[in-house]
Amino acid sequence: MMTTDTSQVRERLVDLIKLQVLYDRLHAVRARQGDLPQQIEDLRDKVATIQHALSETAEMIRQAESEARALHVSNDSLRDHEQKLRKRLEAVRTNQEYYKIESEIKETHLTIEKNLQDIRRLQHKADSLRQRYAEDEATLNELQARIAEKEQRLKEIIQHTAEQEAALLQQIEDLSKVLQEQDPRLFLLFERRRRSFRGGKAVCSIISTERLEGRYACGGCFTLLPREMHRKIKQRDKIIICESCGRFLVDEEFYAEVAKSMP
Ligand SMILES: [Zn+2]
C-alpha cells in the first residue's frame, strides 16, 4: 500500500523532492566534464594527421636531397670526362676526329648544365618542403600544448568532482534506504520514473501557464493540469502523478523550500 496518512504523505513528498534535488546535483557535477573528453579526442585526431603529413614531407625532402646528390656525383664524372676529351682534342690529327670530339664536349657540357638546373630545382623544392615541415611542426607543438592544457583541466575537474560525487551518492543511498523502508512501492515508482526520463527528472514542480490565467502545467511534459488536480497539489497531502507523463508533481514553492533546506 502507498502511504495514505496525511502527515506521512507530506514526509514522503519531502523525501521525493530531496532525492530529486540530490540527483539533480549529481547530474550537474557530472556535467562539469562537459565535452572536454571529446575535445581532447578531436585534437588527438588532428595530431595524428599532422604527424603523418610530417613523415611524408620528411621522406620527400630526403628524396629531393638524394636526387640532387646523385646529380652532383654525375656532374663530377662528366667534368672529368670533359677534361679528358679536351686533352684528346689537343692531340687529334683529322678534322673529322676533331669535330666528333668537339661535339661530344658540347653534349657533355649541355648535360652538366641541365644537371645543374635540376639540382637548383631540387634544392628549391627541398627548401619549400623544409618550410612546410617547420610550419606543420609548429602547429603540432601548439596542438600538443592545447591537449596537455585540456587534459590538465579535465584531471582537475575529475579530482574535484570525485569527492562531491561520492558524497552525493552516499546521501542518495541513505535517503533511498529510508524511502524504501517507509514506502517500497513509492520508492520503486520513483526509481522507475527516474530511470526512464532523460535527465533523470522523476519529480518536478508545476509551472504557471502564460496563456491561461491561474492554470498550471506539468513542469516535465507541459500538459495542462485540471484545476482540481492543481488544488490537490497545492494542499501537499497527496502523491499526485502527471496523467500524461507519470512524473510526481509538487508545487513550485514546496519544491523550492525543500531544496533550500538542504545543505
Ligand atoms: Zn507530465
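The model is predicted, so local features need pLDDT of at least 70 and side-chain atom pairs count only at pLDDT 80 or more, while totals for chains, interfaces and linings use all residues. Residues are numbered from 1 along each chain as its sequence is written, and side-chain values use heavy atoms, with hydrogens and water left out.

Thr108 has a relative accessible area of 6%, and is therefore buried (under 20% relative accessible area, with a 1.4 Å probe and protein chains only). Setting aside neighbours within four places in sequence, Thr108 is in contact (heavy atoms within 4.5 Å) with Leu78, His81, Glu82 and Leu85.

## Two domains

Now for the wider view. The chain divides into domain 1 (6-32 + 180-261) and domain 2 (36-174), with bounds from an automatic or database domain assignment. Their centres, taken over C-alpha atoms, are 65 Å apart.

## Where the domains meet

Eight residues of domain 1 are in contact with nine of domain 2. Together the two domains bury about 850 Å², 73% of it on carbon and sulfur atoms; buried area is the accessible area (1.4 Å probe) lost when two parts are put together, summed over both. Leu22, Val29 and Arg32 supply 57% of what domain 1 buries against domain 2, more than any other three residues.

One salt bridge is counted between the domains (a side-chain nitrogen of Lys or Arg within 4 Å of a carboxyl oxygen of Asp or Glu). Glu165 and Arg30 form a salt bridge, with their closest N and O atoms 3.0 Å apart.

Technical notes: Buried means under 20% relative accessible area, exposed over 50%, partly exposed in between (1.4 Å probe, protein chains only).
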